[in-house]
Structure formats: structure tokens, C-alpha cells
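Let's work through a few exercises together. Have a look at the sequence and the model first, then try each task before reading its solution.

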Amino acid sequence: MVKPKKHLGQHFLTDTSIAERITNLLDIQTGNTIIEVGPGKGILSDFLIKKAGEKLKLIEIDQESVEYLREKYPEIKEQLIEGDFLKQDLNQFGDHLLIIGNFPYNISSQIFFKILESKNNVDEVVCMIQKEVAQRIASGPGNKQYGILSVLLQTWYDIKLEFNVKPGSFFPPPAVNSSVIRLKRNARKDIDCDEKFYKSIIKMSFNQRRKVLSNSLKSVLVNSKMESVDKGLRRRPEELSVEDFLVLCNALEGGELI
Ligand code: SAM
């Protein structure tokens with residue numbers, strides 16, 4: 001028995017047909033390592049073990065779930081890691097990683113930031129998260145939900161909302177609706193500006209999302225001697241696409257006006 005623990009975001013999926021549908025979204029190729037975040041009682045792992053065998057790693061923080069899984073799957077004991085996904089160095093698992101999971105909703109954004117740290121080693125992510133977060137991540141410019149995580153993830157991944165799941169498909173049911181999304185690494189190898197700078201510009205822009213860029217980026221503009229403002233900086237962050245942000249950062253780094 002695993003008693004659901006709220007602080008670990010434990011809402012166990014109970015519908016096996018949904019579990020099968022989620023795992024079928026993974027595009028497993030030779031050379032991939034598959035990492036499941038938070039296997040819980042193993043409803044996804046049942047399918048993943050069949051699909052991926054020894055290429056699968058399970059990372060679970062909850063000791064009680066880990067004991068349950070060790071008994072359930074004695075054959076893959078070595079592949080089961082008891083620990084915090086957020087504290088793992090993903091690069092230790094090699095490259096061409098596929099990450100899958102019904103993520104603990106309370107830390108889903110942190111999981112995405114973690115994945116971004118190893119984006120060149122993570123080919124694909126298939127996950128269930130809170131519906132609002134999924135919409136935020138997948139939405140584009142001009143949309144109220146478009147924000148920091150949408151721009152950062154869309155810089156490196158093509159994102160598709162796959163399907164929605166109702167609270168009744170879990171035990172205990174969560175208070176929110178859920179969505180399954182798929183992120184597939186795009187062809188971008190690098191960006192022309194410093195990545196830390198890019199991230200900080202996006203954060204500064206969206207932290208004051210009602211303001212135009214010339215206001216929210218004032219400190220950077222002064223540093224790069226770009227005190228006069230042209231029309232490119234009179235936009236609000238939600239009007240800028242990923243490509244626009246890349247052009248902006250490049251120009252800011254080079255000290256040019258856009
Ligand atoms: N995969 C199971 C399912 O679909 O029924 C469980 C999903 S439940 C929404 C989230 C799981 O993530 C729980 O088993 C929880 O213990 C685990 N978890 C929470 N925080 C974690 C962390 N930081 N690292 C690894 N696992 C975590």
C-alpha cells in the first residue's frame with residue numbers, strides 16, 4: 001500500500017488506457033535512454049518496461065513508493081533510483097534522453113527548468129501536467145498565457161498539447177484539470193547571444209509584462225549605452241516571438257538599436 005502524500009503531488013493515475021496512450025506518444029529509437037519522473041505505483045512504468053526494458057530509469061523521491069516498486073519489479077531494481085529528480089545531474093544518463101512522467105504538479109515548472117539545463121541531451125519530453133501550465137507552455141505570442149517558460153522552452157523544443165485528462169482519472173482526484181503535452185527537440189544547436197543573458201532578458205521582460213520593453217529593460221539599455229529608444233523596444237513582451245527575443249538579445253549584446 002502506498003498512501004498518497006499531498007506534499008509530493010501524489011495523485012495516482014488509475015485509468016490504464018490513458019497510461020497506455022501517454023506511453024505510446026514516446027518516440028523510442030535505438031540509443032535512447034528513457035527516464036520516468038515519479039513512477040509512483042508504476043501505472044506508466046508497466047508499459048514503459050515492456051517498451052524500453054533495460055533502457056529505462058525510474059526516479060522516485062518517495063521511499064514508500066520505491067519499496068512498493070522494488071517488490072513489484074524485482075527484475076529492474078538496479079534501474080530504480082530513489083531520489084529527487086531536481087537534484088540529479090541528467091547528463092550522467094548520457095545523451096538522447098527521453099523524459100516521461102505524470103509530473104508532480106507542484107514542481108512541474110522546476111522540472112522544466114531542470115530539463116532546460118540539459119536540453120542538448122534531452123530529445124523529447126512527454127508529460128502530464130496541470131492544464132493551465134500546459135496551455136502556458138504551448139501558447140504563442142499575442143496570448144495572455146505566453147510567458148517565461150513558453151519562450152525558454154519554445155526556443156529549444158516544438159511543443160504540442162496532446163489531450164486533456166479529467167480529475168476523475170486519478171486517485172485522489174486533483175483539484176485541477178490535467179493535460180498531456182509532448183516536447184520534441186528542434187534543430188537549434190545554439191543561439192547567437194549568451195544564454196544566461198537571454199534568460200535574464202526574458203525574465204526581466206515578463207516580470208513586468210504590462211510594461212513596454214524600453215521600461216522593463218532600462219537597466220540593461222543603460223549598460224549597453226542604448227538609451228534612446230526605437231520602435232522595437234516600444235512593444236510589450238507578449239508581442240515578441242522566440243525569434244524576436246533572439247534578435248533583441250543579440251542587438252542588446254552588440255550594443256545596437258533594433
Ligand atoms: N506516475 C504515477 C502515476 O501516474 O500514477 C505517479 C504520478 S504523481 C502525479 C507524481 C509522482 O512524483 C509521485 O509518485 C511522487 O512521489 C513523485 N515525486 C514528487 N516529487 C518528486 C521529485 N522531486 N523527484 C522524483 N519524484 C517525485
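Predicted model: local features only at pLDDT ≥ 70, side-chain atom pairs only at ≥ 80, totals over all residues.

**Exercise 1.** Work out how helix α6 and helix α7 are oriented relative to each other.

*Solution.* Start by finding the helices: α6 covers residues 148-156 and α7 covers residues 195-207. Next, take the angle at which they pack, about 150 degrees, with the axes 9 Å apart. Angles over 145 degrees count as roughly antiparallel, so α6 is roughly antiparallel to α7. As for handedness, the crossing of α6 past α7 is right-handed.

Now list who touches whom. From α6 come I148, V151, L152, T155 and W156, and they meet E195, Y198, K199, I202, K203, F206 and N207 of α7.

**Exercise 2.** Decide whether α6 is largely enclosed or largely open, and find what covers its buried residues.

*Solution.* First, pick out the buried residues of α6: L149, S150, V151, L152, L153, Q154, T155 and W156. That's 8 of the 9 residues, so α6 is largely enclosed by the rest of the structure. Then look at the cover, which includes α4 (108-117), α5 (131-138), β7 (157-165), β9 (178-185), α7 and α10 (242-254).

**Exercise 3.** Find out how many disulfides the structure has, and check C193.

*Solution.* Searching the whole structure turns up 0 disulfides. For C193, the nearest cysteine sulfur belongs to C249 and is 4.4 Å away. Finally, check burial: C193 has 6% relative accessibility, so it counts as buried. C127, at 0%, counts as buried too.

Key
Residues numbered from 1 in each chain as written. Heavy atoms only, no water. Axes fitted to C-alpha atoms, helices over the stretch in contact; angles between N-to-C directions. Helix = DSSP H or I, 4+ residues; strand = E, 2+ residues; numbered from the N terminus. Parallel < 35°, antiparallel > 145°, perpendicular 65-115°, else oblique. Left-handed = near helix turned anticlockwise from the far one by under 90°. Contact = heavy atoms within 4.5 Å. Buried < 20%, exposed > 50% of the residue type's maximum accessible area, 1.4 Å probe, protein only. Disulfide = S-S within 2.5 Å.
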